[in-house]
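Subject: Structure handover and what was found in it

Dear colleague,

I am passing the structure below to you, together with an account of what was found in it. Please read the account with the structure open beside it.

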Amino acid sequence: MSNADKVALVTGAARGIGAAIAHKLAALGHPVVVADVLEEREATAAAIRAAGGEARAIALDVAEDAAVAGLPTALGPWWERLGILVNNAGISPKGPDGKARPIREMPAEEWRRVLAVNLTGAFLVSQACLPPLRARRWGRIIMLTSQAARAKSQIAGAHYTAAKSGLMGFARSLATELGPDGITVNSIAPGRIDTPMARGTTEGANAAFAVNIPLGRLGTPEDVAEVAAFLASEAAGYLTGATLDVGGGSYMP
Ligand code: NAD
(Lines give C-alpha, C1' and ligand atoms only; values in the text may rest on other atoms or scores of the structure.)
Protein backbone atom coordinates (compact mmCIF):
# COMPACT_ATOMS: atom_id res chain seq x y z
CA MET A 1 0.00 0.00 0.00
CA SER A 2 1.28 3.44 -0.86
CA ASN A 3 0.91 6.32 1.58
CA ALA A 4 -1.88 7.68 -0.63
CA ASP A 5 -3.86 4.54 0.30
CA LYS A 6 -3.40 5.15 4.03
CA VAL A 7 -5.68 7.92 5.22
CA ALA A 8 -4.59 9.53 8.50
CA LEU A 9 -7.10 10.80 11.04
CA VAL A 10 -5.53 13.29 13.45
CA THR A 11 -7.66 14.48 16.36
CA GLY A 12 -7.06 17.94 17.80
CA ALA A 13 -5.29 18.85 14.56
CA ALA A 14 -6.44 22.46 14.21
CA ARG A 15 -3.30 23.78 15.90
CA GLY A 16 -0.22 22.88 17.91
CA ILE A 17 1.25 19.38 17.80
CA GLY A 18 -1.76 17.90 15.97
CA ALA A 19 -1.48 20.45 13.15
CA ALA A 20 2.25 19.75 12.77
CA ILE A 21 1.57 16.00 12.59
CA ALA A 22 -1.17 16.56 10.00
CA HIS A 23 1.20 18.71 7.89
CA LYS A 24 3.99 16.14 8.12
CA LEU A 25 1.81 13.13 7.23
CA ALA A 26 0.30 15.03 4.30
CA ALA A 27 3.79 15.95 3.07
CA LEU A 28 4.57 12.22 3.09
CA GLY A 29 1.59 11.61 0.81
CA HIS A 30 -1.11 10.55 3.25
CA PRO A 31 -4.58 12.01 2.80
CA VAL A 32 -5.21 13.68 6.16
CA VAL A 33 -8.37 14.34 8.15
CA VAL A 34 -8.02 17.38 10.39
CA ALA A 35 -10.52 16.71 13.20
CA ASP A 36 -11.12 19.31 15.89
CA VAL A 37 -13.70 21.26 17.89
CA LEU A 38 -12.11 24.54 16.76
CA GLU A 39 -13.10 26.30 13.52
CA GLU A 40 -9.36 26.81 12.96
CA ARG A 41 -9.40 23.23 11.58
CA GLU A 42 -10.59 24.62 8.22
CA ALA A 43 -7.60 26.97 7.92
CA THR A 44 -5.22 24.16 8.88
CA ALA A 45 -6.65 21.84 6.21
CA ALA A 46 -6.52 24.69 3.68
CA ALA A 47 -2.84 25.34 4.54
CA ILE A 48 -2.04 21.66 3.98
CA ARG A 49 -3.79 21.75 0.59
CA ALA A 50 -1.96 24.97 -0.30
CA ALA A 51 1.31 23.14 0.41
CA GLY A 52 0.31 20.41 -2.06
CA GLY A 53 -1.15 17.87 0.38
CA GLU A 54 -4.55 16.23 0.50
CA ALA A 55 -6.58 17.27 3.55
CA ARG A 56 -10.09 17.84 4.77
CA ALA A 57 -11.42 19.21 8.01
CA ILE A 58 -14.19 17.70 10.11
CA ALA A 59 -15.85 18.93 13.28
CA LEU A 60 -15.28 16.37 16.02
CA ASP A 61 -15.53 16.44 19.79
CA VAL A 62 -13.74 13.23 20.77
CA ALA A 63 -15.65 13.13 24.05
CA GLU A 64 -19.07 13.02 22.35
CA ASP A 65 -20.27 9.50 21.65
CA ALA A 66 -22.63 10.60 18.87
CA ALA A 67 -19.99 12.66 17.07
CA VAL A 68 -17.54 9.77 17.17
CA ALA A 69 -20.22 7.36 15.93
CA GLY A 70 -20.61 9.69 12.93
CA LEU A 71 -16.99 9.25 11.81
CA PRO A 72 -17.71 6.76 8.98
CA THR A 73 -20.21 9.21 7.49
CA ALA A 74 -17.95 12.21 8.07
CA LEU A 75 -15.03 10.52 6.29
CA GLY A 76 -17.17 9.19 3.44
CA PRO A 77 -15.11 7.32 0.82
CA TRP A 78 -11.96 7.88 2.90
CA TRP A 79 -13.28 5.68 5.73
CA GLU A 80 -12.36 2.36 4.15
CA ARG A 81 -8.86 3.64 3.39
CA LEU A 82 -8.19 4.65 6.98
CA GLY A 83 -4.72 3.46 8.04
CA ILE A 84 -3.44 5.84 10.70
CA LEU A 85 -5.11 7.26 13.79
CA VAL A 86 -3.36 9.87 15.91
CA ASN A 87 -5.16 10.40 19.23
CA ASN A 88 -3.79 13.88 19.87
CA ALA A 89 -6.79 15.89 21.16
CA GLY A 90 -6.16 16.98 24.71
CA ILE A 91 -6.84 19.69 27.27
CA SER A 92 -4.91 20.84 30.32
CA PRO A 93 -7.02 23.40 32.17
CA LYS A 94 -5.35 25.83 34.53
CA GLY A 95 -6.66 28.29 37.11
CA PRO A 96 -6.84 32.07 36.48
CA ASP A 97 -3.24 32.44 37.68
CA GLY A 98 -1.99 30.07 34.95
CA LYS A 99 -1.25 27.32 37.48
CA ALA A 100 -3.00 23.96 37.73
CA ARG A 101 -5.60 23.91 40.48
CA PRO A 102 -4.51 21.94 43.54
CA ILE A 103 -6.52 18.75 44.11
CA ARG A 104 -8.20 20.25 47.17
CA GLU A 105 -9.74 22.98 44.97
CA MET A 106 -10.35 21.01 41.77
CA PRO A 107 -14.02 21.03 40.68
CA ALA A 108 -15.23 17.49 39.94
CA GLU A 109 -16.61 18.81 36.64
CA GLU A 110 -13.11 19.85 35.52
CA TRP A 111 -11.75 16.43 36.52
CA ARG A 112 -14.49 14.68 34.51
CA ARG A 113 -13.93 16.79 31.39
CA VAL A 114 -10.17 16.18 31.38
CA LEU A 115 -10.73 12.42 31.71
CA ALA A 116 -13.46 12.56 29.05
CA VAL A 117 -11.30 14.30 26.44
CA ASN A 118 -7.79 12.98 27.16
CA LEU A 119 -8.66 9.38 28.02
CA THR A 120 -12.22 8.37 27.13
CA GLY A 121 -11.98 10.32 23.85
CA ALA A 122 -9.00 8.22 22.77
CA PHE A 123 -10.92 5.06 23.69
CA LEU A 124 -14.04 6.13 21.77
CA VAL A 125 -12.18 7.17 18.62
CA SER A 126 -9.87 4.13 18.66
CA GLN A 127 -12.80 1.76 19.07
CA ALA A 128 -14.74 3.47 16.27
CA CYS A 129 -11.76 3.22 13.90
CA LEU A 130 -11.10 -0.49 14.41
CA PRO A 131 -13.36 -1.88 11.64
CA PRO A 132 -11.48 -0.31 8.68
CA LEU A 133 -8.05 -0.97 10.23
CA ARG A 134 -8.86 -4.60 11.06
CA ALA A 135 -10.40 -5.19 7.65
CA ARG A 136 -7.12 -4.23 5.95
CA ARG A 137 -4.96 -5.99 8.55
CA TRP A 138 -2.75 -2.93 8.69
CA GLY A 139 -2.86 0.06 10.99
CA ARG A 140 -0.97 2.54 13.12
CA ILE A 141 -2.47 4.06 16.26
CA ILE A 142 -0.45 6.77 17.99
CA MET A 143 -1.31 8.24 21.39
CA LEU A 144 -0.12 11.62 22.59
CA THR A 145 0.49 10.97 26.26
CA SER A 146 2.83 13.18 28.27
CA GLN A 147 5.94 13.34 30.35
CA ALA A 148 3.43 14.08 33.13
CA ALA A 149 2.50 10.38 32.92
CA ARG A 150 6.15 9.25 33.09
CA ALA A 151 7.19 11.22 36.16
CA LYS A 152 5.68 13.85 38.43
CA SER A 153 4.55 17.12 36.90
CA GLN A 154 4.77 20.50 38.57
CA ILE A 155 2.85 22.22 35.76
CA ALA A 156 -0.04 19.91 34.78
CA GLY A 157 -2.98 19.17 37.08
CA ALA A 158 -3.72 15.86 38.80
CA HIS A 159 -6.57 15.16 36.35
CA TYR A 160 -4.21 15.56 33.38
CA THR A 161 -1.55 13.34 34.92
CA ALA A 162 -4.17 10.71 35.78
CA ALA A 163 -5.71 10.82 32.29
CA LYS A 164 -2.37 10.55 30.49
CA SER A 165 -1.26 7.72 32.81
CA GLY A 166 -4.51 5.94 31.97
CA LEU A 167 -3.90 6.54 28.28
CA MET A 168 -0.55 4.77 28.53
CA GLY A 169 -2.25 1.75 30.09
CA PHE A 170 -4.96 1.81 27.44
CA ALA A 171 -2.28 1.92 24.72
CA ARG A 172 -0.63 -1.21 26.14
CA SER A 173 -3.96 -3.07 26.22
CA LEU A 174 -4.79 -1.97 22.69
CA ALA A 175 -1.32 -2.95 21.42
CA THR A 176 -1.75 -6.42 22.92
CA GLU A 177 -5.23 -6.90 21.49
CA LEU A 178 -4.50 -5.55 18.01
CA GLY A 179 -1.07 -7.07 17.35
CA PRO A 180 -2.59 -10.15 15.67
CA ASP A 181 -4.47 -7.80 13.31
CA GLY A 182 -1.28 -6.15 12.08
CA ILE A 183 -2.05 -2.91 13.92
CA THR A 184 0.62 -1.25 16.04
CA VAL A 185 -0.14 1.06 18.95
CA ASN A 186 2.55 3.37 20.31
CA SER A 187 2.70 6.45 22.50
CA ILE A 188 4.63 9.67 22.29
CA ALA A 189 5.30 11.32 25.64
CA PRO A 190 6.31 14.91 24.86
CA GLY A 191 8.18 16.98 27.40
CA ARG A 192 7.49 20.72 27.10
CA ILE A 193 6.50 21.68 23.54
CA ASP A 194 5.92 25.31 22.51
CA THR A 195 2.19 25.30 21.62
CA PRO A 196 -0.92 27.25 22.71
CA MET A 197 -1.37 24.65 25.47
CA ALA A 198 2.12 25.14 26.85
CA ARG A 199 1.74 28.93 26.57
CA GLY A 200 -1.36 28.66 28.77
CA THR A 201 0.78 28.45 31.89
CA THR A 202 3.03 31.02 33.55
CA GLU A 203 6.11 32.23 31.66
CA GLY A 204 8.21 31.32 34.69
CA ALA A 205 7.04 27.69 34.61
CA ASN A 206 8.28 27.14 31.06
CA ALA A 207 11.58 28.90 31.75
CA ALA A 208 12.13 26.80 34.89
CA PHE A 209 11.35 23.64 32.93
CA ALA A 210 13.78 24.60 30.15
CA VAL A 211 16.68 24.81 32.61
CA ASN A 212 16.50 21.02 33.07
CA ILE A 213 16.36 20.13 29.36
CA PRO A 214 19.77 18.77 28.27
CA LEU A 215 19.11 19.92 24.69
CA GLY A 216 18.61 23.42 26.07
CA ARG A 217 15.24 24.48 24.62
CA LEU A 218 11.53 23.73 24.62
CA GLY A 219 10.43 21.36 21.86
CA THR A 220 8.64 22.43 18.70
CA PRO A 221 5.50 20.78 17.30
CA GLU A 222 7.68 19.69 14.36
CA ASP A 223 10.03 17.81 16.74
CA VAL A 224 7.03 15.69 17.76
CA ALA A 225 5.66 15.38 14.22
CA GLU A 226 8.90 13.79 12.99
CA VAL A 227 8.57 11.04 15.60
CA ALA A 228 4.88 10.53 14.81
CA ALA A 229 5.77 10.16 11.12
CA PHE A 230 8.26 7.45 12.00
CA LEU A 231 5.70 5.59 14.14
CA ALA A 232 3.21 5.80 11.26
CA SER A 233 5.70 4.45 8.74
CA GLU A 234 6.43 0.94 7.46
CA ALA A 235 9.85 1.28 9.09
CA ALA A 236 8.23 1.12 12.55
CA GLY A 237 6.39 -2.12 11.75
CA TYR A 238 7.96 -4.17 14.56
CA LEU A 239 7.42 -1.53 17.24
CA THR A 240 4.28 -1.74 19.34
CA GLY A 241 3.31 -0.95 22.93
CA ALA A 242 6.25 1.45 23.18
CA THR A 243 6.43 4.96 24.58
CA LEU A 244 8.89 7.35 22.96
CA ASP A 245 9.96 10.26 25.17
CA VAL A 246 10.27 13.41 23.05
CA GLY A 247 11.51 15.93 25.54
CA GLY A 248 15.06 16.92 24.70
CA GLY A 249 16.26 14.62 27.48
CA SER A 250 14.15 16.24 30.20
CA TYR A 251 12.99 12.78 31.23
CA MET A 252 15.27 9.77 31.09
CA PRO A 253 13.82 6.55 32.52
P1 NAD B 1 -3.12 22.60 21.95
O2 NAD B 1 -4.06 23.05 23.02
O3 NAD B 1 -2.27 23.61 21.32
O4 NAD B 1 -3.91 21.75 20.86
C5 NAD B 1 -4.83 20.76 21.25
C6 NAD B 1 -5.90 20.65 20.19
O7 NAD B 1 -6.87 19.68 20.65
C8 NAD B 1 -6.64 21.96 19.97
O9 NAD B 1 -6.75 22.23 18.58
C10 NAD B 1 -8.00 21.70 20.60
O11 NAD B 1 -9.08 22.41 20.01
C12 NAD B 1 -8.15 20.21 20.38
N13 NAD B 1 -9.16 19.63 21.26
C14 NAD B 1 -9.35 19.90 22.57
N15 NAD B 1 -10.41 19.24 23.03
C16 NAD B 1 -10.92 18.53 21.98
C17 NAD B 1 -12.00 17.65 21.82
N18 NAD B 1 -12.82 17.38 22.84
N19 NAD B 1 -12.22 17.07 20.62
C20 NAD B 1 -11.41 17.37 19.57
N21 NAD B 1 -10.36 18.21 19.65
C22 NAD B 1 -10.12 18.78 20.84
O23 NAD B 1 -2.21 21.48 22.64
P24 NAD B 1 -0.85 20.76 22.14
O25 NAD B 1 0.23 21.25 23.01
O26 NAD B 1 -0.72 20.83 20.68
O27 NAD B 1 -1.18 19.27 22.63
C28 NAD B 1 -1.45 18.20 21.74
C29 NAD B 1 -1.38 16.91 22.56
O30 NAD B 1 -0.07 16.74 23.11
C31 NAD B 1 -2.33 16.90 23.74
O32 NAD B 1 -2.87 15.61 23.93
C33 NAD B 1 -1.44 17.27 24.90
O34 NAD B 1 -1.94 16.80 26.12
C35 NAD B 1 -0.15 16.58 24.50
N36 NAD B 1 1.03 17.14 25.14
C37 NAD B 1 1.41 18.44 24.94
C38 NAD B 1 2.56 18.92 25.58
C39 NAD B 1 3.06 20.33 25.41
O40 NAD B 1 4.02 20.72 26.09
N41 NAD B 1 2.49 21.13 24.52
C42 NAD B 1 3.28 18.09 26.42
C43 NAD B 1 2.87 16.79 26.61
C44 NAD B 1 1.74 16.32 25.96
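The overall chain

Please keep in mind throughout that this is a predicted model. The chain is built from nine helices and seven strands. Its radius of gyration is 17 Å, close to the 18 Å that the globule rule gives for 253 residues, so the chain is as compact as a globular protein of that length. Taken along the principal axes, the box filled by the C-alpha atoms is roughly 45 × 40 × 40 Å.

Of the 253 residues, 50% are buried, and the chain exposes about 11100 Å², of which carbon and sulfur atoms supply 55%.

In soluble globular proteins, nonpolar side chains tend to be buried together. In this chain the largest nonpolar core has 33 residues, and those with the most contacts inside it are Leu9, Leu71, Ile141 and Met143. Several elements each supply at least two residues of this core, including strand 1 (7-11), strand 2 (32-36), helix 4 (71-75) and strand 4 (82-87), as well as helix 5 (108-136), strand 5 (139-144), helix 6 (158-178) and strand 6 (183-190). The largest share, seven residues, comes from helix 5. Apart from this core lies another, of 30 residues, among them Ile21, Val86, Leu144 and Ala232.

Isoleucine 141 shows what such a position looks like in detail: leaving out residues up to four places away in sequence, its contacts include Leu85, Asn87, Ser126, Leu130 and Leu133, and also Leu174, Leu178, Ile183 and Val185.

Leucine 174, one of the residues touched by isoleucine 141, lies in helix 6 and counts as buried at 6% relative accessibility. With neighbours within four places in sequence set aside, leucine 174 is in contact with Ser126, Ile141, Met143 and Val185. The C-alpha atoms of leucine 174 and valine 185 are separated by 6.7 Å, while the two residues are 11 apart along the chain.

Other single residues

Histidine 159 also has its place in helix 6, and at 0% relative accessibility it counts as buried. Its contacts, with neighbours within four places in sequence left aside, are Pro93, Met106, Glu110, Trp111, Val114 and Leu115. From histidine 159 to tyrosine 238 the C-alpha to C-alpha separation is 33 Å, and the two are 79 residues apart in sequence.

Alanine 45 is found in helix 2 (residues 40-50) and is buried, with a relative accessible area of 0%. Beyond residues up to four places away in sequence, alanine 45 touches Val34, Ala55, Arg56 and Ala57. Its C-alpha atom is separated by 18 Å from that of threonine 195, which is 150 residues apart from it along the chain.

Aspartate 61 is found in the loop between strand 3 (55-59) and helix 3 (65-69), and it touches Val37, Ala67, Val68 and Arg113, not counting residues up to four places away in sequence. The C-alpha atoms of aspartate 61 and serine 173, which are 112 residues apart along the chain, are separated by 24 Å.

Finally, there is a point of backbone geometry. Arginine 137 lies in the loop between helix 5 and strand 5, and its phi is near 55 degrees, a positive value in a residue other than glycine.

With best regards

How values were computed
Residues are numbered from 1 along each chain as its sequence is written. This is a predicted model: local features need pLDDT of at least 70, side-chain atom pairs count only at pLDDT 80 or more; totals for chains, interfaces and linings use all residues. Side-chain values use heavy atoms; hydrogens and water are left out. Helices (H or I, at least four residues) and strands (E, at least two) are DSSP runs, numbered from the N terminus. The radius of gyration is taken over C-alpha atoms; the globule rule is 2.2 Å times the number of residues to the power 0.38. Buried means under 20% relative accessible area, exposed over 50%, partly exposed in between (1.4 Å probe, protein chains only). Accessible areas come from the Shrake-Rupley method with a 1.4 Å probe; for residues, only the protein chains shown count as cover. A nonpolar core is a set of buried Ala, Val, Leu, Ile, Met, Phe, Trp, Tyr and Cys residues joined through side-chain atoms within 4.5 Å. Contact means heavy atoms within 4.5 Å.
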